[in-house]
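Open the model in your viewer and keep the selection tool at hand. We will go from one stop to the next.

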Amino acid sequence: MSELIDGLREQGTRELVSGLRERLAQSGRRIDKVAPPQPEGQLSRMVGLTLEAEGIRLPVGGRAAIHTASGGRVSAEVVGFQGERTFLMPEGRIEGLVPGARIEPLDQQRRIAVGPQLLGRVIDANGEPLDGAGPLRAQQEMPIDGRPINPLTRDPIRTQLDVGVRTLNGLLTVGRGQRLGLFAGSGVGKSVLLGMMTRFTAADVIVVGLIGERGREVNEFIHDILDDESRRRTVVVAVPADQSPLLRQHGALVATTVAEYFRDQGLDVLLLMDSLTRFAQGAREISMAIGEPPATKGYSASVFARLPALVERAGNGDRGGGSITAFYTVLAEGDDQNDPIVDAARGILDGHVVLSREIAQTGRYPAIDVGASVSRVMSALITPEHEQAARRFRGMMATYAANRDLIAVGAYRKGTDPQLDEAVAMYPRLEAYLTQQRTECVTFEEARDGLIALMRGGP
C-alpha cells in the first residue's frame, strides 16, 4: 500500500512540474509578443510643417501622437533624424501645438482594412470612409508599404486588355499587367478619358486614386463621370490638394495596396492614379522640409527613388494569379514634355499616352497624339496584320504632320510625293477613326477590324 501511495505522489509531482513548465512557457511566449516600451519625447521646434522632437527613438516611417494644449492629439510620422533630433511630419492640422508638447510613440506599421466591402466605396488616405455610407466591415488588414515580387515569378504580359477606347485598342494596345503613363497638361480631357476607361474597361475591379486633385474635381469624378454600374466595381481613394504632403504620399500607397489585395484574389484590376506628379510633389515637399538638397528643378534624389518603388508594385502577380493594369497621369507643367517627372516616368513605365493641347483645341477627343505615344508591349499582343495596319496608320499621320505647314499655306502640289498624296487623301478618315464620343464604347475587336478595313480601303 505504501509503495502505491509513493508512486501516486511521484506521478502527481511530475504532473505538477510539467504543468508549471507549460505555464511558464506560455507566459514567456506572451512576454515575447509584448513590444519593448518606447520612451516618450517632447516637441522642441516647429518650422513650417517640420516638427523636431527630442527623447523619442523611432525609425523612419514610425508614427507618434503629439498632445496639444487643448487635450487633443496630432498624428505624425518620422521622416528623418539628425543626431538626437527626430524630424516628424504631421498628418493633419497642427493647431494647438506648444513648445515641450508630449510625444507618444504609436504602432509603427501603418495598415488599412481591405476586403470586398471596399467595392463602391470612397475612402481617404487612412482607409476611412468619406462617402457617408457607414463604417467599413472589412476584417482583413494589409500594410500600405506592400511586398516585393520576384520579377522571375511574374506572369509575362501576353493578353490584351479591352479599355473601350478606339485609339488605345487599335493603335496603342494595352496588355493586362501593363503600366502606362498618361501625359497631359491641364484642360485637355484627361479626366474624361479616365472616366471612359473606368466605365468601359473589361476589368473585374477598378481602383481610382485621386491624389492632390481639387476637391471639386474629386466630387465631379465620383458623381458625374462614374455611372452606377461602374461605381459598384470601383474603389476610390481620395486625397484632395488641401491635405498634407504626407497624406498625399499615403493616398497613392493605399490605392496601390487595395489593388494588390484584389490582385491577390486572382482578379484583373485596373488602377488609375491621378496623379503621379502630385505624389512626386508631396515627396519633394517632405524632402525639402527636412533639408535634403534639391537635384533637378527642385526635386531631390529621394523623389526619383520613390517613383519606381510605387510603380513596380503594379503589374502581373505570381504565375496563375491576378493582374494590375495601371495608368498613371503625369502633369506636364506648361505642356513641357521634358519636365523631370515626365522624363522619369517615361523611363520606368511600359508605355505612355500623350494628350495634346493643339489637338484638343481642334475639337477632336480624345486628344491623343498618336505619334508621340507608344505601347512597348503592343507587338506581343496583336496579330501581324493588326501590327502592319497600325504602323501604316502612324506613318500616314506622321507624314501629314511633317507637311502640315506646306498644306496650310497652299504650297502642296498633288503628284509630287505619292506618300504625301496618300496621307492627304486619307487624313479625314484617319481623324474620324481617332474621334470618339465620351459615351461611346468601342471594343478591341471593333477597333482592330475597323483599323484593318481602313488601311485596306486606301484613299
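**Stop 1: a residue in a helix**

Select alanine 252, which lies in helix α6. This is a predicted model. Is alanine 252 buried or exposed? Alanine 252 counts as buried, because its relative accessibility is 0%, and the cut-off for buried is under 20%.

Now show what surrounds it. Leaving aside neighbours within four places in sequence, alanine 252 is in contact with Ile211, Met273, Phe279 and Leu310. Next, pick the C-alpha atoms of alanine 252 and alanine 238. They are separated by 9.3 Å, and the two residues sit 14 residues apart along the chain.

**Stop 2**

The core has 47 residues in total. Which of them touch the most other members? Select Val207, Val258, Leu271, Leu276 and Tyr328.

Keep leucine 271 selected. Not counting residues up to four places away in sequence, leucine 271 touches Val207, Ala255, Thr256, Ile324, Thr325, Ala326, Phe327 and Tyr328.

Then move to a second, separate core. It has 36 residues, including Leu172, Phe200, Phe221 and Ile359.

**Stop 3: two cis peptide bonds**

Go to aspartate 274 and serine 275. The peptide bond between them is cis, with omega near 15°. Serine 275 is in the loop between β13 (268-274) and α7 (276-289).

Now select tyrosine 365 and proline 366. A cis peptide bond joins this pair too, and here omega is about -5°. Proline 366 lies in the loop between α10 (357-361) and β17 (374-375).

**Stop 4: the whole chain**

Zoom out and color by secondary structure. How many helices and strands does the protein chain have? There are 14 helices and 17 strands. The radius of gyration is 28 Å, well over the 23 Å that the globule rule gives for 459 residues, so the chain is more spread out than a compact globule.

The accessible surface comes to about 22100 Å². Carbon and sulfur atoms hold 51% of that surface. Buried residues make up 48% of the 459 residues.

Show contacts next. Among those with a separation of 6 or more, 72% link residues 24 or more positions apart.

Last, select the charges. The chain has 53 positive and 58 negative ones, and their mean positions are 1 Å apart.

Notes. Residues numbered from 1 in each chain as written. Predicted model: local features only at pLDDT ≥ 70, side-chain atom pairs only at ≥ 80, totals over all residues. Heavy atoms only, no water. Helix = DSSP H or I, 4+ residues; strand = E, 2+ residues; numbered from the N terminus. Rg over C-alpha atoms; globule rule 2.2 N^0.38 Å. Buried < 20%, exposed > 50% of the residue type's maximum accessible area, 1.4 Å probe, protein only. Contact = heavy atoms within 4.5 Å. Areas by Shrake-Rupley, 256 points an atom, 1.4 Å probe, with all protein chains shown as cover. Lys, Arg positive; Asp, Glu negative; His and termini not counted. Charge placed at Lys NZ, Arg CZ, Asp CG, Glu CD. Core = buried A, V, L, I, M, F, W, Y, C linked by side-chain atoms within 4.5 Å.
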